[in-house]
Amino acid sequence: MFRSALRNIHRDRDWWKKIGIGGALMLTIIGYPFAAGLVLESLDNSRKGYPTPLPPWFDWGTRYLLGIFALLLDFLFFALPLLVLGLLFLCASVATVVASLQDEALLRVVGMAFGLTAGGLLLAMWLGSVGPVARLMYVSEGRIEDALSGAVLRQALSARGLRRYWPARLASLVGYLPFAALVALLALLANMVFPGQGFVLLLLLWLALCALLYAHLLAVQLYVMAERKA
């Protein structure tokens, strides 16, 4: 399945150009939805039986709107729970201070509890394939309200959903290794001082974003195959 996903991407002779353009757009905040729209359109094409070539860079308005929808799904299932958790732990910290229990150790415990809870929640949502399932539901039904409903969680985190999508998530981990390596190298070089550092860091950041976009496109192929196989 992993080799088939790679072949689907690399059959497009211009795959590196399309991903390079997407990585450059991701360097800016306002350009990120273009790349998210590319991934969503690739998902739609793959479900219809056209996994290759990758969508070309045209119809920028529609691509941007698709990206906004994709980011809205990420916000609902990832960012919004973090905001709620942050608010709860902020209230707990304020209550601790008001109660005159200004113990640094206690505050550290509250901070660690927030970090572990938030990290565990994000990891569970990511391993449970909540984001990809929401996108699959959106492109299959064509209604954003369905992809924003609790049906996504029921489908992704059910025993049947975990059996269906777990192989795709496990295989997609390999695709994110180049991105993780580039981020580690970027963090290492950011703490050094050398001639041309700004240019090198910018180049590495662009390469890391290209690797992230590539990993997203690879995950698209894997999840479509998992859905078709099921």
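Select Leu80 first: this residue is partly exposed, with a relative accessible area of 33%. Leu80 sits in helix 4, which covers residues 60–98.

**Colour by confidence**

The model is a predicted one, so colour the chain by pLDDT before going further. The mean over the chain is 87, and 93% of the residues reach 70 or more. Which elements have the lowest and the highest mean pLDDT? Helix 5 (residues 104–127) has the lowest, at 77, and helix 2 (residues 15–26) has the highest, at 96.

**Zoom out to the whole chain**

Switch to a cartoon view. The secondary structure consists of eleven helices and zero strands. The C-alpha atoms fill a box of roughly 65 × 55 × 35 Å along the principal axes. Of the 230 residues, 38% count as buried. With a surface displayed, the chain exposes about 12,600 Å², and carbon and sulfur atoms supply 71% of that area. For contacts between residues at least 6 apart in sequence, 77% join residues at least 24 apart.

**Helix 3**

Select residues 32–47, which make up helix 3. A distance between the end C-alpha atoms gives 23 Å. At 1.5 Å a residue, the 16 residues should span 22 Å, so the two values agree.

Is helix 3 largely enclosed or largely open? Twelve of its 16 residues are buried, so helix 3 is largely enclosed by the rest of the structure. The buried residues include Pro33, Phe34, Gly37, Leu40 and Leu43.

Step just past the end of helix 3 to Gly49, which takes a positive phi of about 95 degrees.

**The salt bridges**

Side chains of opposite charge can pair when their charged atoms come close. A search of the whole structure finds six salt bridges; three of them are visited here.

Start with Glu227 and Arg47, whose side chains meet in a salt bridge at 3.0 Å, N to O. Glu227 lies in helix 11 (residues 197–229) and Arg47 in helix 3, so the pair ties together parts that are 180 residues apart in sequence. Glu227 is partly exposed at 23% relative accessibility, and Arg47 is also partly exposed, at 30%.

Next select Asp12 and Lys18. Their closest N and O atoms are 2.7 Å apart, and the two residues form a salt bridge.

Then go to Lys17 and Asp14, which form a salt bridge at 3.9 Å, N to O. The salt-bridge cut-off is 4 Å, so this pair qualifies. Lys17 counts as partly exposed at 42% relative accessibility, and Asp14 is partly exposed at 35%.

**Backbone stops**

Most residues other than glycine have a negative phi, and most peptide bonds are trans.

Select Thr52 and Pro53 and show the backbone: the peptide bond between them is cis, with omega near 0 degrees. Pro53 is placed in the loop between helix 3 and helix 4.

Asp59 is also in the loop between helix 3 and helix 4. Asp59 counts as partly exposed, at 41% relative accessibility.

Finish at Ser129, in the loop between helix 5 and helix 6 (130–141). Ser129 has a positive phi of about 60 degrees and is not a glycine. Where Asp59 is partly exposed, Ser129 is buried, with a relative accessible area of 1%.

Notes: Residues are numbered from 1 along each chain as its sequence is written. This is a predicted model: local features need pLDDT of at least 70, side-chain atom pairs count only at pLDDT 80 or more; totals for chains, interfaces and linings use all residues. Side-chain values use heavy atoms; hydrogens and water are left out. Helices (H or I, at least four residues) and strands (E, at least two) are DSSP runs, numbered from the N terminus. Buried means under 20% relative accessible area, exposed over 50%, partly exposed in between (1.4 Å probe, protein chains only). pLDDT is the predictor's confidence in each residue, from 0 to 100. The expected span of a helix is 1.5 Å times one less than its number of residues. Contact means heavy atoms within 4.5 Å. Accessible areas come from the Shrake-Rupley method with a 1.4 Å probe; for residues, only the protein chains shown count as cover.
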